Amino acid sequence: MSGAGKKVVDVAFKASKKIDWDGMAKLIVSEEARKEFASLRRAFDEVNTTLETKFSQEPEPIDWEYYRKGIGSRLVDMYKEAYDNVKIPKYVDTVTPEYKPKFDALLVELKEAEEKSLKESERLEKEIAEVKELKQKIATMTADEYFEKHPELKKKFDDEIRNDYWGY
């Protein structure tokens, strides 16, 4: 197997082991997204299988002596010489250097968005906990206890009473 082909197969194999397909499937909500996800997984598996079968096997060596006996040595030697002179060029990656900086910038942006999302999620969790606590205590809570937690409302009501505004 050529070095580049083996590298492609190794990368695809490692990538397939790292993907948590079941975990991702649990996060999908809509039926249309489930269909798209199944299509993506099927396509990935097909490509992965193709890479494993096409590039993971070494070609069988040619038995030149067998052909010399049946065809003749002159013609076989000519084919053998042509076969030996075939040079497969090494793949030179020109795409990765072009897109690597863009990808790295997107990763930085992704990390920032993740941090922001985690902070927002933490804030919302605190707010949910406060609302749950308030919901449990609301039946027995006095106005003074409520205004201790929400001084801005107390100020608003005091201002309305002071200005003789009763909402009429």
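**Aromatic pairs**

I started with the rings and found that the structure, a predicted model, holds six aromatic pairs. For my own reference: rings of Phe, Tyr and Trp (its six-membered ring) pair if their centres lie within 6.5 Å, and planes under 30 degrees apart are stacked, over 60 edge-to-face, the rest tilted.

I looked up Trp21 and Phe37, a tilted pair at 5.6 Å centre to centre with 55 degrees between the planes. Trp21 lies in helix H2 (residues 21-27) and Phe37 in helix H3 (residues 31-55), so this pair ties together parts 16 residues apart in sequence. Helices here are DSSP runs of H or I with at least four residues, strands are E runs of at least two, and numbering goes from the N terminus.

I noted the cut-offs: buried is under 20% relative accessible area, exposed over 50%, partly exposed in between (1.4 Å probe, protein chains only).

Next came Phe147 and Phe157, an edge-to-face pair with 5.7 Å between centres and 65 degrees between planes. Phe147 sits in helix H7 (residues 143-149) and Phe157 in helix H8 (residues 151-162), ten residues apart. Phe147 counts as buried at 19%, whereas Phe157 is partly exposed at 36%.

I also wrote down one aromatic cluster, formed by Trp21, Phe37 and Phe44.

**The whole chain**

I get eight helices and zero strands. Buried residues make up 8% of the 168 residues. I checked contacts (heavy atoms within 4.5 Å) as well: among those between residues at least 6 apart in sequence, 43% join residues at least 24 apart.

The accessible surface comes to about 15400 Å², with 58% of that belonging to carbon and sulfur atoms. These areas come from the Shrake-Rupley method with a 1.4 Å probe; for residues, only the protein chains shown count as cover.

**A nonpolar patch**

Which residues form the nonpolar patch on the surface? I listed Ile62, Tyr66, Tyr67, Ile71, Leu75, Met78, Tyr79 and Tyr83, with about 870 Å² of accessible area together. Patch residues have over 30% relative accessible area and no salt bridge, and nonpolar side chains (Val, Leu, Ile, Met, Phe, Trp, Tyr) are joined within 5 Å, like charges within 9 Å. A salt bridge is a side-chain nitrogen of Lys or Arg within 4 Å of a carboxyl oxygen of Asp or Glu.

Helix H4 (64-71) and helix H5 (73-85) each give two or more residues to the patch, and H5 has the largest share, four residues. Ile71 is in helix H4 and counts as exposed at 51%.

**Ground rules**

Residues are numbered from 1 along each chain as its sequence is written, and side-chain values use heavy atoms, leaving out hydrogens and water. In this predicted model, local features need pLDDT of at least 70 and side-chain atom pairs count only at 80 or more, while totals for chains, interfaces and linings use all residues.
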